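Subject: Structure for your review

Dear colleague,

Please find below the structure that I am handing over to you. My notes on what was found in it follow directly after it.

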Amino acid sequence: MERGPGRPSLQLVQQAVQALYHDPDPSGKERASCWLGELQRSVHAWEISDQLLQIHQDVESCYFAAQTMKMKIQTSFYELPTDSHASLRDSLLSHIQNLKDLSPVIVTQLALAIADLALQMASWKGCVQTLVEKYSTDVTSLPFLLEILTVLPEEVHSRSLRIGANRRTEIIEDLAYYSSTVVSLLVTCVEKAGNEEKMLIKIFRCLGSWFNLGVLDSTFMANSKLLSLLFEVLQQDKTSSNLHEAASDCVCSALYAIENVETNLPLALQLFQGVLTLESAYHMAVAREDLDKVLNYCRVFTELCETFLDKIVCTPGQGLGDLRTLELLLICAGHPQYEVVEISFNFWYRLGEHLYKTDDAVIHSIFKAYIQRLLHALARHCQLDSDHEGVPEETDDFGEFRMRVSDLVKDLIFLVGSVECFAQLYATLKDGNPPWEVTEAVLFIMASIAKSVDQENNPTLVEVLEGVVRLPESVHTAVRYTSIELVGEMSEVVDRNPQFLDPVLGYLMKGLCDRRLASAAAKAIHNICSVCRDHMAQHFSGLLEIARALDSFALSPEAAVGLLKGTALVLARLPLEKISECLSELCAVQVLALKKLLSQEPSNGLSSDPTVPLDRLAVIFRHTNPIVENGQVHPCQKVIQEMVNVYREHQHSCFLYLGSILVDEYGMEEGCRQGLLDMLQALCIPTFQLLEQPNGLQNHPDTVDDLFRLAARFIQRSPITLLRSQVMIPILQWAIAATTLDHRDANCSVMKFLRDLIHTGVANDHEEDFEVRKELINQVMTQLGQQLVNQLLQTCCFCLPPYTLPDVAEVLWEIMQIDRPTFCRWLENSLKGLPKETTGGAIQVTHKQLTDFHKQVTSAEECKQVCWALRDFTRLFR
């Protein structure tokens, strides 16, 4: 299936599509997929897709062609000359009409293609009106007309289309103008559809899409038949699952659209009253055990509470602050399936946040009873099944649910009082003899709030600690597991009552020796070490024994690192002469592991992943800071040598991470600087080779992240050492290239490095090395400043998501602090290189918008003004 140059024949394309769907040999499918992917990226794809849709030989080739059309319009619209746009539109409309009965997925792809074309094609004015006039009178065309009208508002904010803020504003105004036409069409469709379910689903989906865009007139909608129909459908017991879901989605969209209640009062009232009528329908769904409907109702109730949250907090029990809304959510919390109550978590979290900010005891007291009921329900939902064996799973869905409960309880506990709640929970264990699963769930909630319980004169805490460490080994494993977690959370109680330290450590050591409990026990020991560092110094030899034999315990990597962190924290409290000796011993075990990696053959089945020893070394150095006398060899020298050797074989980014920790800890010490620079230069050689591979930056974001974290640490700790080195310019060139990388952590590290680097030229101007730093930074900026500003501007407009803009703004701000007049010139040159028009013929950016932006940035008096200017300006290109 080799492709020659030029356009492949239709027959060849059809064979490839058939192979993609029907070839029994997976490698044949793979070859077809790669070949078709290449075709989609080529300029021939336009014509071939059009012809495949014309002859519509089979569903597969039509689907491939429709999907290709949509993709080309989204990503390669610039390939078409402007005078071909109208014929493309007419051709797509004729295809969707001819293929409307072939398959719904093909209709959706073509509808998306038409919508994306309409949004980009500036010459197609009033597209909604055109489409409604053309197709609304023909009943057979209504389904695809509704599909186009559903996806059109959804695509306005699509990430795939970079139509820019000017065009987007124009479109939204246009759609708002024609919204009443669409609503009238939907009402007509309801009259024609009667009870035809598929049609009603399409109508509700379309209405929801227009609500989501926020262009429907709320007073007009408040009196619309469509609104009463939605609630009618949701009240009826016989409504099918699919229709029920479509109606629920639409009500949620409507509630979301009236977030500003005061300006949408008539619609807000209708929705409020409508949702409150659904309580009996919810109970009916529970009685019929129809979980899908129950979840839909809970979504609607939660969205109602989210929308009226301000009213609920400011005027509880009055008007739209009616607390029946909270009653609905508590009814849902009573449902036996935990997935139901989980839907409302975000609302309860926001309610807690609002109440915390209002800090009004009278208002808090109104909500206390509701939160107490919620907490009771949550404790019940956290119970494991009575036939559960072993420890609680933390990574499955239920384990994640319990973690979310723990977070929510921490956020809401201030409303009911942690001391009171902790004592009540303990009383249920002390006074009754509940089954193990109830005990475990109560201990779990107690562990969530233990840290927030006031330690002063609180006998309950001491009693709980005493009771827990006396638990017999015969209790259920899950109870032991959660009790160990509770002990870890009570480390401050241990610190205040050191007489418990020995029994607590004895209890945790038993856990550490049981493979099922080992990781939880290690985490608890880490907590105790962190809080009780002085008391733990006498137990250091025991900790060292554990550290030596770390791999003989069944620990997760995180738990093992945590234990070492605890050990290092206690080590730092020992006499100076002991620190260096013990540090060397702690490191020796890990260095040995690295040496083993070096010597082993890669094929002998052993793990060749150096992450484990490196993470452990990192945590040891991060939390112990030895004082080294003149002439002594620093313990990190041995580690550096091994690291560099292993890194030549395995380019694993965690070596760079460990390097950054060593620089962070020891970069200020004169005797270490040259050794650390040698390390950086040795690490850079294989790193640059890795990044030079095709798509090197995209394929190795962790390496980018760790490389620039290491470089930034150098700039912070020993700037002149780095600025004078040969590696400075190559690192900066890679940083400029990596600004385009759309990866949160990697991009953040790159921008931080750039900001810190340039800031070095203006920071601490009272220090004696200031003039040298300033001169070195000026040299670097003279060489690469214009290139950096160019790249940052292009990156903001065309590559990076909006959340990265504050980081970019900080870099621009720092460049401006070095030399504002030169920066003005660089920015002007960069702005000249931006496109002024979209490929669809719409205005991308006006001359005034360019000059305004230049002025806002160059006259900014603080960094946030640069950020605001960037935000507004880059919207023009998104």
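A polar atom of the Thr760 side chain lies 3.2 Å from the backbone oxygen of Leu757. The backbone oxygen of Asp756 is also placed by that side chain, at 2.7 Å from a polar atom of it. Please note that this is a predicted model, and that the distances quoted here are computed from it.

Thr760 itself belongs to the loop that connects helix H42 (744-759) with helix H43 (770-798). Its relative accessibility is 6%, and because buried means under 20%, Thr760 counts as buried. Leaving aside residues up to four places away in sequence, Thr760 touches Ile715, Pro719, Leu723, Arg773 and Ile777.

The second topic is helix H8, which covers residues 142-155. The buried set consists of Leu142, Phe144, Leu145, Leu146, Glu147, Ile148, Leu149, Thr150, Val151, Leu152, Pro153 and Glu155.

Which helices do the buried residues of H8 pack against? They pack against helix H4 (59-75), helix H5 (85-98), helix H6 (104-120), helix H7 (127-135), helix H9 (164-193) and helix H10 (197-213).

Helix H8 also contributes to the largest pocket: H6, H8, H9 and H10 each supply at least two residues of its lining. The volume of this pocket is about 530 Å³. Its lining comprises 21 residues, of which Pro104, Pro143, Phe144, Lys198 and Lys202 are the closest to the pocket centre. Sorted by class, the lining has 10 nonpolar, three polar and eight charged residues.

Finally, there is a residue towards the start of the numbering to report. Ala19 is located in helix H1 (residues 10-22). With a relative accessibility of 12%, Ala19 counts as buried, because the cut-off is under 20%. From Ala19 to Leu676 the separation is 657 residues in sequence and 56 Å in space, taken from C-alpha to C-alpha.

Yours sincerely

Key: Residues are numbered from 1 along each chain as its sequence is written. This is a predicted model: local features need pLDDT of at least 70, side-chain atom pairs count only at pLDDT 80 or more; totals for chains, interfaces and linings use all residues. Side-chain values use heavy atoms; hydrogens and water are left out. Helices (H or I, at least four residues) and strands (E, at least two) are DSSP runs, numbered from the N terminus. The expected span of a helix is 1.5 Å times one less than its number of residues. Buried means under 20% relative accessible area, exposed over 50%, partly exposed in between (1.4 Å probe, protein chains only). Contact means heavy atoms within 4.5 Å. On a 1 Å grid over the protein atoms alone, a cavity is a set of points where a 1.4 Å probe fits but cannot get out, and a pocket is an open set with protein on both sides within 12 Å along at least five of seven lines; lining residues have an atom within 4 Å of a point. Grid points are joined across faces, edges and corners, and a volume is the space filled by probe spheres set on the points. Ala, Val, Leu, Ile, Met, Phe, Trp, Tyr, Cys and Pro count as nonpolar, Asp, Glu, Lys and Arg as charged, and the others, Gly among them, as polar. A polar contact is a pair of N or O atoms within 3.5 Å; within protein, one must be able to donate a hydrogen and the other to accept it, and residues adjacent in sequence count only if both atoms are side-chain atoms.
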